Amino acid sequence: MSIRRRGTAAGAALALSGAGVLLGLAASPAQAAEVSYATHCVPPAGISPIDGTTKVEITAPATAKVGDTVDVVWKFVQAASKNPDIIDLPANSVQPSGVLRAAGAQTADLAMQGTRTNPAIPKGGDMVLSDMKGSIKLTTAGEVTLTPDAYTVNAMSTDTKCTPRETVQKAATIQVTGDGGGGTSGSTPTQSTTPTQSTTPTRSSSPTATPTATGGSGQSDFTGKEVQIPYACKTPIGDKNATSPVQINARRNGGNFDLTVQFKKSVMDSPADIPANSVKPSMEVAVGGADKGTVHVEGPTNAKAIKSGDPIEIPDLTGTYKPGASGTSTLSPGVLTVKALGTTTTCTPTRTEVSLTLDTSRQPGGTSGGTSTSGGTSSTGGSSTSGSGGLAETGASDHGALKALGLVAGTAILLGGAVFTFMPRRGAR
């Protein structure tokens, strides 16, 4: 009897361990890898720069499929800088943000954001930073590597900017397979032409630009991809960093394109009562590729009063793009401003990413070459340009564009009718 019991117990143990193996094989576990790199940090004015070592652990899925949106976590094992010997930092007063670079089969800059969560940090103490989170939509089969890059530490309304002083090693790798067969990187131009026409034009310009937006078959509507844009904002009460997901769509109108810029799910509660018709957002969409310049888009004012504590959203921004060159042109989110209650904030992208690629034909008075005046109206299709094709300077227009809103509610800043939140936009999907 005792022998039989032992045999039964051993068999059960083997069965359980085998089930565990099978479960482990079926799952796609997250991987975590740590890298360290020499870092140069520049604190606020009056404090000497700091050279130190950053240690980072990046967690991401080991495998995924084309079309998946995966979450990535950046954990600070060690920050390069310490709290200067000036002031004790209270609890929950420090917030990190940064950029994670994707390379390999897919190239992208992931905006990462942490929460303002930390223990009290004494003068001269090690900085304790919260985990930063971000996400990436996988568009191409193959190996995608993730490498940490620059980051910013915001403490009590001041920024310390830290940048690598050496080549940083990759911290994680995602093996991306095709969603319908043909899971090799060499076959991706064919895979992405139709099902993901708006998500791959910036990754491989020649194979995907034409099917994305030529409209050779009579296509009139073009859907851009959602991109995470980190902004540096000048507010009436100081500088702030924020990240917002933005998408640019277009509809062909003769030789021109009617644009719609959408902000996706970026909602923040209002810190004060805001009267109706008092919030006016606008943006200068950056034009690149064959064409150069900017296109002015703007949204309507808020139709209803917004009570303190109520959620508010930014409306769609619209305008007309009149091409100034023939070829493949790109559209990216640019300078954003909103005016409300007599205050102005201007937000400039620290990094931008192409949301939409279009095949264009030059139109008289188009954007290229700086032929349009700054702050053109959306109704005529005029566009703001600069001689170098960069972002136009902000100024007034017929609709009072290029204005912004800055309101204080504790440590929160309301920007552009709650375009921005200082928390990661996505949780796990």
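This is a predicted model: local features need pLDDT of at least 70, side-chain atom pairs count only at pLDDT 80 or more; totals for chains, interfaces and linings use all residues.
Colleague: How do you know which parts of the protein the predictor is confident about?

Modeller: The mean pLDDT of the protein is 72, and 65% of its residues reach 70 or more. Confidence is highest in strand β19 (residues 317-321), at a mean of 95, and lowest in strand β24 (residues 406-409), at 33. Over residues 1-27 the pLDDT is below 50, and beyond near neighbours in sequence this stretch has zero contacts in the model. Residues 369-429 also stay under 50 in pLDDT, and for them the model has 190 contacts beyond four places in sequence.

Colleague: What makes up the secondary structure of the protein, and what share of its residues counts as buried?

Modeller: The secondary structure comes to three helices and 25 strands, and of the 429 residues 48% count as buried. Among contacts between residues at least 6 apart in sequence, 71% join residues at least 24 apart. The protein exposes about 18,800 Å², of which carbon and sulfur atoms supply 53%.

Colleague: Why is the pair Cys41 and Cys162 called a disulfide?

Modeller: The cut-off is a pair of cysteine sulfur atoms within 2.5 Å, and the sulfur atoms of Cys41 and Cys162 are 2.2 Å apart, so the pair meets the definition. A search of the whole structure finds one disulfide. With 115° about the S-S bond, the link of Cys41 and Cys162 is right-handed. Cys41 lies in strand β1 (residues 30-42) and Cys162 in strand β9 (residues 158-164), so the link ties together parts that are 121 residues apart in sequence.

Colleague: How do you know whether these two cysteines, Cys41 and Cys162, are buried or exposed?

Modeller: Buried means under 20% relative accessible area; Cys41 has a relative accessible area of 0%, and Cys162 likewise comes to 0%, so each counts as buried.

Colleague: Why is strand β23 described as largely enclosed by the rest of the structure?

Modeller: Five of the five residues of β23 (residues 356-360) are buried, and the strand is therefore largely enclosed. Leu356, Leu358 and Thr360 point one way from β23, while Thr357 and Asp359 point the other way, and all are buried. Strand β20 (residues 327-332) runs antiparallel to β23 and is joined to it by five bridges; in one of these pairings, Thr328 has Asp359 of β23 as its bridge partner.

Colleague: What makes a set of residues a nonpolar core, and which residues have the most contacts inside the largest one?

Modeller: The members must be buried residues of the nonpolar kinds, joined through side-chain atoms within 4.5 Å. In the largest such core there are 39 residues, and those with the most contacts inside it are Ile58, Val72, Trp74, Leu146 and Tyr151. Strands that each supply at least two residues of this core include β2 (50-61), β6 (108-114) and β10 (172-177), and the largest share, five residues, comes from β8. Leaving aside neighbours within four places in sequence, Tyr151 is in contact with residues including Tyr37, Trp74, Phe76 and Cys162. A second, separate core of 25 residues includes Ile248, Ala250, Ile314 and Cys347. In soluble globular proteins, nonpolar side chains tend to be buried together.

Colleague: Why is Asn92 called partly exposed, whereas Asn277 is called exposed?

Modeller: Exposed means over 50% relative accessible area, and partly exposed lies between that and the 20% limit for buried. Asn92 has a relative accessible area of 45%, so it is partly exposed, while Asn277, with 53%, is therefore exposed.

Colleague: How do you know whether Ser244 is buried or exposed?

Modeller: Ser244 has a relative accessible area of 0%, so it counts as buried, the limit being under 20%. Ser244 lies in strand β13 (residues 238-253). Ser244 and Val227 are 17 residues apart in sequence and 8.2 Å apart in space, C-alpha to C-alpha.

Terms used: Residues are numbered from 1 along each chain as its sequence is written. Side-chain values use heavy atoms; hydrogens and water are left out. pLDDT is the predictor's confidence in each residue, from 0 to 100. Helices (H or I, at least four residues) and strands (E, at least two) are DSSP runs, numbered from the N terminus. Contact means heavy atoms within 4.5 Å. Buried means under 20% relative accessible area, exposed over 50%, partly exposed in between (1.4 Å probe, protein chains only). Accessible areas come from the Shrake-Rupley method with a 1.4 Å probe; for residues, only the protein chains shown count as cover. Two strands pair if DSSP finds at least two bridges between them.
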